[in-house]
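Good morning, everyone, and thank you for coming.

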Amino acid sequence: MYDTNLVLGGKEFTSRLIVGTGKYSSMETMREAHEAAGSEIITVAVRRVSLPSGESILDYIDTKRYTLLPNTAGCYTADEAIRTCYLAREAGLGDLVKLEVIGDQRTLFPDVMGLLEATQTLAREGFIVMPYTNDDPVMARKLQDAGAACVMPLGAPIGSGLGIRNPYNIKIVLESVTVPVIVDAGVGTASDAAIAMELGCDGVLMNTAIAGAQDAVAMARAMKLAVEAGRLAYKAGRIGKKLYATASSPLEGLPDWTS
Amino acid sequence: MKISVNGKPMEVEAGLSVEGLLTLLNVKREFTAVAVNRDVIRRADYAAVRLSDGDKVEIVRPMGGG
């Protein structure tokens, strides 16, 4: 079936699965998982170098092949997040940023006020802003109006693996904006990713579900298939739900067994 | 003079440039960025920006994250 590409700030991507680089058991496993996931965009954090500077995570990511997506994880104010994006750009990581402004340490839920402010500033400064937000349709529209290249509602808290806790809100988010909607955070297993895509989401971003699985490489492949299957099912147009049965075989032409 | 680099105190000679500090610390330049007192320094300005006593320097690069 013909499908369009995922477009973010004018850049086109065929893969709709964005993966991270955190919490892998080894760098080699991470590299294999990235390969198995078939992703084109890979998230990284921006942190202090250890001195003396040793091995870099980029020794294990082909930067010509993958688009790097620096995040602002750990930032609790718009100011910190904005400065982190500037650092990332100056480091040569490009203009695409996964914007997080965290509002609460225990839940890692976003501070949407700070998020909106940072989105406005960064979009104006030429960044392609991908904000991690709540599953709130009103905020999604505000972020779009502020210049976000997409909106990334959480399915559940970061790293929780609880799946898509409010599919109805995600559905309304999809109806509320014209920019791509990417579920970011909360996915635990393949069916969660498939559900997000079946709802009509444009992509899924995940880290822990793959990196934390017992076999990260196998889970990466499962996620790739789930995202593709979910997307196909969405495009194919599912049947409506009905309470009672509808026979799949014709009722006419049944042999007569009466004696 | 005393500066701090990534949160650690360090004694360096007065007037050291950002470029000089990176050389001194033997930091790989690729995919690395520097901020001094919260201001991000452009790569092209590394040689021109001189550090002052009490400056807080942050040197960052990509790390694993999600």
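Let me begin with two terms: strands (E, at least two residues) and helices (H or I, at least four residues) are DSSP runs, numbered from the N terminus, and two strands pair if DSSP finds at least two bridges between them. What we are looking at is a predicted model, in which local features need pLDDT of at least 70 and side-chain atom pairs count only at pLDDT 80 or more, while totals for chains, interfaces and linings use all residues. Residues are numbered from 1 along each chain as its sequence is written, and chains are lettered from A, with ligands numbered from 1, in the order in which they are written.

Strand S4 of chain A covers residues 41-48, and six of its eight residues are buried, where buried means that 20 or more other C-beta atoms, placed from the backbone, lie within 10 Å of the residue's own.

Within chain A, S4(A) runs parallel to strand S5 (residues 67-70), joined by four bridges, and Thr43(A) has Leu69(A) as its bridge partner there. Towards chain B, S4(A) is antiparallel to strand S5 (residues 56-64) of that chain, with five bridges; in S5(B), Val46(A) is partnered by Pro62(B) and Arg48(A) by Val60(B).

Turning to the interface, 31 residues of chain A are in contact with 22 residues of chain B, contact meaning C-beta atoms, placed from the backbone, within 7 Å. On the side of chain A that touches chain B, S4(A) gives the largest share, six residues.

Key. Buried ≥ 20, exposed ≤ 12 C-beta atoms within 10 Å, placed from the backbone. Contact = placed C-beta atoms within 7 Å.
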